[in-house]
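Biologist: I am new to this one. Can you take me through its pockets and its aromatic rings?

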Amino acid sequence: MSANSAEPVRRLNVVLVKAGRTKIGYEADLVEDDGDRIAVRAPWAGEGVRDFGFVRFEKGDVFTEYYWRDRWYAVKEVRDAEGGLKGWYCDVTRPAVLLGSELIVEDLDLDLWRSADGREVRRLDEDEFAASGLAERDPRAAAAAVAALDTLERLAQEGGFDALLA
């Protein structure tokens, strides 16, 4: 390969699993894999608009998603079509697994949102987590999930995710 040719972009298929079933799968460009953290970039993969009341995810939004092989969460930086930062949507997950070109992530229901200006930090879906029965089926995983949400909330309130994502 000549010095002037660009390396081909590696595509991964991100597979989000919930309760043993695939919730959504989508293609993403691999941004970085340092052995511990995997970063990918993809357009909004949902159908139509998802309006949470405090943020809308819609066509044209771009997600830069950070997954860890040893941490129980994922952090997704969300930008609009013009590149403006909307904020960070964080999923509590089991550690990510990369198998070939598939990045497999198991969603554990708990989520956190931090607005771009940092004024709004919201814990989300704690009712879904309680109803999931994970605490009864796998108490260690449930404890790790709650600890991960607490960590994300602390990071969000103490200035955000810049140091974590650098």
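Modeller: Start with the lining of the largest pocket. In this predicted model, β1 (11–18), β2 (21–33), β6 (62–68), β8 (85–93) and β10 (102–115) each supply at least two residues to that lining.

Biologist: What makes Leu16 and Lys23 part of the lining of the largest pocket?

Modeller: Lining residues have an atom within 4 Å of a pocket point. The largest pocket has 25 of them, and Leu16, Lys23, Trp44, Arg50 and Tyr89 lie nearest its centre. Its volume is about 560 Å³.

Biologist: How do the lining residues of the largest pocket divide by class?

Modeller: Twelve are nonpolar, one is polar and twelve are charged.

Biologist: Which element gives the most to the lining of the second largest pocket?

Modeller: β10, with four residues. α2 (134–137) also supplies at least two. This pocket holds about 150 Å³ of space. Its lining has three nonpolar, one polar and six charged residues, among them Lys18, Arg94 and Asp109.

Biologist: Now the rings. Why is the pair of Trp68 and Tyr73 called edge-to-face?

Modeller: Their centres are 5.2 Å apart, and the cut-off for a pair is 6.5 Å, so they pair. Their planes stand at 65 degrees. Trp68 and Tyr73 are both buried.

Biologist: How many aromatic pairs does the whole structure have?

Modeller: Eleven. There is also an aromatic cluster, formed by Trp44, Phe52, Phe54, Phe57, Phe63, Tyr89 and Trp113. Trp44 and Tyr89 are also among the residues nearest the centre of the largest pocket.

Key. Residues are numbered from 1 along each chain as its sequence is written. This is a predicted model: local features need pLDDT of at least 70, side-chain atom pairs count only at pLDDT 80 or more; totals for chains, interfaces and linings use all residues. Side-chain values use heavy atoms; hydrogens and water are left out. Rings of Phe, Tyr and Trp (its six-membered ring) pair if their centres lie within 6.5 Å; planes under 30 degrees apart count as stacked, over 60 as edge-to-face and the rest as tilted. Buried means under 20% relative accessible area, exposed over 50%, partly exposed in between (1.4 Å probe, protein chains only). On a 1 Å grid over the protein atoms alone, a cavity is a set of points where a 1.4 Å probe fits but cannot get out, and a pocket is an open set with protein on both sides within 12 Å along at least five of seven lines; lining residues have an atom within 4 Å of a point. Grid points are joined across faces, edges and corners, and a volume is the space filled by probe spheres set on the points. Ala, Val, Leu, Ile, Met, Phe, Trp, Tyr, Cys and Pro count as nonpolar, Asp, Glu, Lys and Arg as charged, and the others, Gly among them, as polar.
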